[in-house]
Amino acid sequence: MKTESLIDMLARQAGPAPRAMAARRLTPAVAGGLVLAVAGALAWIGPIPAELYADPGPWIKFGYAGLLAAAALWWVARLGRPAAPVAAPARVAGGVVVAMLLLGAAALLSVPGDERMDTLMGHSWLSCPVSVLVLSLPTLAGAFWALRGLAPTRLRLAGFAAGVLAGAVGAFSYALSCDELAPSFVAVWYTGGIGAAGLLGALLGPRLLRW
Amino acid sequence: MNHDAARDDFESGLKPLWLRAQAGDEAAYREALRRIAVRLRSYLRRRMQSLPDDLEDLVQETLLALHLQRGTHDPALPVSSWVLAIARHKLVDLWRRRGRQEALHDPLDELEDHAMPVAAEEGSARRDLGQLLQELPEAQRRAIVLTKIEGLSVAEAAQRTGASESAIKVQVHRGLKRLAAKVKEEST
């Protein structure tokens with residue numbers, strides 16, 4: 001087939017271009033991932049006692065994970081469109097992480113020196129990042145599905161952003177089941193779980209997002 | 001003429017056509033794709049000096065990709081950046097498929113792109129999309145042939161085949177996606 005004939009064929013009755021493709025794919029992906037992760041956290045680990053919500057601890061986690069998820073969602077939507085600028089969402093996502101690290105460091109410094117290690121490690125430093133990573137998997141699958149319907153041209157970065165998005169959703173859900181209250185714990189171990197999800201995404205991106 | 005002026009010319013001519021095409025204007029879409037094809041040929045020729053026989057195939061593959069992904073263009077952004085980002089992606093992918101790792105180090109930027117003489121004429125494609133079309137599942141092939149080649153309206157095609165109008169649209173879209181996937185398989 002000549003290129004000229006191909007052009008005729010593509011144009012004929014093409015109709016209007018589909019609109020809001022990123023929103024149409026990413027909304028169900030994130031909503032579905034969040035529902036599965038919340039259900040997983042509550043069924044698998046169980047909810048924290050209601051009185052813990054009187055402490056700022058859980059709210060710091062929700063705020064951190066929620067803001068990071070919003071920034072990463074914006075980032076993924078941009079990475080799904082060829083030539084769209086991605087610096088602004090990347091900076092916002094990075095800024096949220098840095099703010100959490102600073103908050104964690106400040107909180108840690110206000111604790112007496114000999115208690116700092118116990119505060120930082122809590123009683124669940126090992127299971128926390130693993131749980132966040134596991135709870136991120138439904139959203140990771142959904143975000144990859146969404147990106148496969150879009151046109152990412154930077155596959156590793158798109159995979160990483162999808163992983164951060166999934167990790168933030170996983171962290172948000174895990175906060176329902178996590179009774180650690182120290183901001184320094186959140187800054188290190190939640191971020192660790194989110195980072196692991198990001199790395200997993202970056203690893204899978206070039207393999208799964210090709211088109 | 002300097003580079004920026006050449007690019008601005010291309011963009012300012014293309015953008016209004018493209019916006020009408022995105023809103024559903026078929027004639028504007030055809031003209032926009034023609035201009036894009038010429039631009040793609042000169043963009044890719046310069047970067048495919050080691051693979052000249054693949055040039056027209058990659059132009060066709062990129063056009064097919066542009067069509068399938070037209071919903072990802074943001075009207076606030078230049079059409080040409082969007083087109084070239086996709087062309088570059090397809091080019092890198094072709095090199096990767098050919099195992100030409102060293103080619104990834106070739107300069108991919110826009111330097112002197114417009115200094116190249118514009119070669120508007122169409123080369124010959126090695127791969128025949130018409131042939132690949134025949135290999136699609138029957139319902140998809142039929143929907144494409146009726147609406148996109150014979151030019152029947154979706155309603156007429158639905159009547160002719162007994163399928164619903166939305167089924168025809170879905171078959172056309174799936175068929176073109178399948179066609180793009182076959183194109184990739186073939187050039188591996």
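A salt bridge is a side-chain nitrogen of Lys or Arg within 4 Å of a carboxyl oxygen of Asp or Glu. The model discussed here is predicted.

Q: What makes B:Arg141 and B:Glu138 a salt bridge?
A: Their closest N and O atoms are 3.0 Å apart. The cut-off is 4 Å, so the pair qualifies.

Q: How are B:Arg141 and B:Glu138 separated in helix 6 of chain B?
A: They are 3 residues apart, which is about one helical turn. An α-helix has 3.6 residues a turn, so residues three or four places apart point the same way.

Q: Why does B:Arg141 count as buried?
A: Its relative accessibility is 19%. Buried means under 20%, so B:Arg141 falls in that class. B:Glu138, at 47%, counts as partly exposed.

Q: What makes B:Arg96 and B:Asp93 a salt bridge?
A: The closest N and O atoms lie 3.2 Å apart, within the 4 Å limit. Both residues sit in helix 4 (residues 79–97) of chain B. B:Asp93 is buried at 5%, whereas B:Arg96 is partly exposed at 34%. Both also belong to a salt-bridge network that includes A:Arg210.

Q: Why is A:Ile45 called partly exposed?
A: Its relative accessible area is 38%.

Terms used. Residues are numbered from 1 along each chain as its sequence is written. Chains are lettered from A and ligands numbered from 1 in the order in which they are written. This is a predicted model: local features need pLDDT of at least 70, side-chain atom pairs count only at pLDDT 80 or more; totals for chains, interfaces and linings use all residues. Side-chain values use heavy atoms; hydrogens and water are left out. Buried means under 20% relative accessible area, exposed over 50%, partly exposed in between (1.4 Å probe, protein chains only). Helices (H or I, at least four residues) and strands (E, at least two) are DSSP runs, numbered from the N terminus.
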